[in-house]
Amino acid sequence: MESQDRRPPTGIKVVIVGAGFAGLCAAIECDRKGHSVTLLEKVKEMKPLGDLISFGSNTGPVFERWGNVMETLEPLLYKSPGINYFEWNGPYVTRQNWHAEKNWGRSISGHRGEIHLVVLRYALARGIDIRFGQNVTGYFETEDAAGVVSNEVRITGDIVLAAECVKSPGRKIVLGFDDPPKPSGYAVYRAWYDSQRLADNDLTKHLVINGDTHSGWIGRDCHFLATSLKNGKDFSWVMTHKDNANIDEDWQFPGKVEDVLDELSGWDPVVHALVKATPPDCLVDYKLVFRDPLPTFVSKRGRIALIGDAAHPFLPTSIQGASQAIEDGVTIAVCLEKAGRDSVVEALRTYEAIRYERVHRIQMTGVTTREQWHKADWDAIRKNPESLHIKREAWMLNFDCEAHAYDVYDATAAKLQQATSVSATEDVKDFSDFEISATPIATQKPVEVQ
Ligand SMILES: Cc1cc2nc3c(=O)[nH]c(=O)nc-3n(C[C@H](O)[C@H](O)[C@H](O)COP(=O)(O)OP(=O)(O)OC[C@H]3O[C@@H](n4cnc5c(N)ncnc54)[C@H](O)[C@@H]3O)c2cc1C
Ligand SMILES: *[C@@H]1O[C@H](CO)[C@@H](O)[C@H](O)[C@H]1NC(C)=O
């Protein structure tokens, strides 16, 4: 049934490491463009881990192209038309509606594990070769091939896409050095649970008995976002706060309700009720760590590329980490199609050139939004409540990455070609066009991992 949505075979063999959203999307998109895909995932069985994840309207068109994926997701998704903001100790401040961005494309928010499973099933239904229980420990490339060592077996293709997140061994190969995380001074408590206990409490029932709602409480150096989904039946909250512990990043690190309540002393009783209703095994304490933007996403010989969080970890406040992982896969699949099998190196370098500036510009919005909330000038906000609204900008959200990649591929590849020959003669002027962000961003504030 999906076969109409597959271009003729290109003969390009793509090996992908990691079946998170970055790897899965790259696999589906490469399959759509007629490349042949082998996807290697470490875990033996995918469990529906995580809690709330959001894909912006910039990825709506991508999901809509994937068979019946949107239809299947529909009942699972966030449907609140906007968010109410409150001051940390209770007073209502302002409402921000999402109607403007609805015209830009469908946005998708829901449980990470549930959405992931729908996308994984779609990839399997397309017949993509996905192998579980594959622990990739090494990467290699030659002039005409690239591959990985997985469970001590060598698996070779024309290119390798490393999508195994920040602890990626692929990062080391591409960078040529180890890139250890640094503590950021922030962490997030995250929770997802059945909302029945909130429906039974007069303080909180308004958040769950009339369909989906979304609320944010903003304080100094701390914010608390709460969402109900599935017609109010499921509830999710996320609290970003100062944290100086130097602990490893892990999505499964359990948190304690008492610790959260301690941090929230004096906050709105509604917030306290939301935290108290959290079952102990539904609370995650996730440390945010710094990682500097990478100087490049592509290996020296040009056959191994980093995608998703392995290339560019995001802060939760950008609400774009998962969307940017999707844009990577779509862009690479188009680049490979345009380049053809003889020019896969050109394809990966062009992928980097197309993506680099945009992804880093979006990464920075994670810092600006957090600062906008945590360092808010409340006198100014009382005069202009809308200044608390999260920025929803058209350049970021009204964007079809597939159409864009087709539009700019030829010109970008040609410029890269020219820049390479120019730089060979030591005049690197034109090259700045392509590394626009490399220097300025690397010297700006480090970016944190979601
Ligand atoms: C358990 C978990 C829960 C998460 N929960 C949330 C959430 O609630 N909200 C949110 O916004 N974001 C969440 N994220 C992060 C979010 O999924 C990513 O930020 C984003 O989707 C980009 O995805 P990615 O594919 O680059 O990385 P990831 O989603 O981290 O996927 C990386 C994949 O690579 C696999 N892998 C790692 N090492 C190897 C190896 N050596 N060999 C083979 N495979 C390997 C991993 O098992 C994993 O499946 C979660 C991530 C994880 C892993
Ligand atoms: C994967 O390999 C690494 C390196 O040999 C090892 O440390 C790790 O425990 C392995 N993980 C799994 C899930 O087998």
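Student: What makes Val160 and Ile304 a facing pair, and which residue stands opposite Val160 in β17?

Tutor: In β17, Ile304 stands opposite Val160. Strand β11 (residues 159-162) and β17 pair in the parallel sense over 3 bridges. Two strands pair if DSSP finds at least two bridges between them, so 3 bridges meet that rule. Strands are DSSP runs of E with at least two residues, helices are runs of H or I with at least four, and both are numbered from the N terminus. This is a predicted model, in which local features need pLDDT of at least 70 and side-chain atom pairs pLDDT 80 or more, while totals for chains, interfaces and linings use all residues; side-chain values use heavy atoms, without hydrogens and water. Residues are numbered from 1 along each chain as its sequence is written, and chains are lettered from A and ligands numbered from 1 in the order in which they are written.

Student: What is the order of the strands in the open sheet that holds β11 and β17?

Tutor: The order is β7-β2-β1-β11-β17, with parallel pairing. Its edge strands are β7 (129-131) and β17 (304-306), since each pairs on one side only.

Student: Why is Arg126 called buried?

Tutor: Buried means under 20% relative accessible area, exposed over 50%, and partly exposed in between, with a 1.4 Å probe and protein chains only. Arg126 has a relative accessible area of 6%, so Arg126 is buried. The residue is found in the loop between α5 (112-125) and β7.

Student: How do you know which side chain Arg126 contacts, and at what distance?

Tutor: The side chains of Arg126 and Asp31 are joined by a polar contact of 2.6 Å. A polar contact is a pair of N or O atoms within 3.5 Å; within protein, one must be able to donate a hydrogen and the other to accept it, and residues adjacent in sequence count only if both atoms are side-chain atoms. The value of 2.6 Å therefore falls within the cut-off.

Student: What makes strand β15 mostly covered?

Tutor: In β15 (residues 234-242), 8 of its 9 residues are buried. Strand β12 (residues 182-194) runs antiparallel to β15, with 9 bridges joining them. Strand β14 (residues 222-229) is joined to β15 by 8 bridges, also running antiparallel. Phe235 in β15 has Tyr193 opposite, and Ser228 stands opposite Phe235 too.

Student: Which residue in the hairpin of β14 and β15 takes a positive phi?

Tutor: Lys230 does, with phi near 55°; the hairpin has 4 residues between the strands.

Student: How many residues surround ligand 1, and which are the closest?

Tutor: There are 30, and the closest are Ala22, Glu41, Asp51, Leu52 and Asp309. A residue is near a molecule or strand if one of its heavy atoms lies within 4 Å of it.

Student: What are the distances from oxygen atoms of ligand 1 to polar side-chain atoms of Asp309 and Arg112?

Tutor: For Asp309 the distance is 2.6 Å, and for Arg112 it is 3.0 Å. A polar backbone atom of Ala22 is 2.9 Å from an oxygen atom of the ligand. Taken alone, ligand 1 exposes 930 Å², and the protein buries 90% of that; accessible areas come from the Shrake-Rupley method with a 1.4 Å probe, and for residues only the protein chains shown count as cover.
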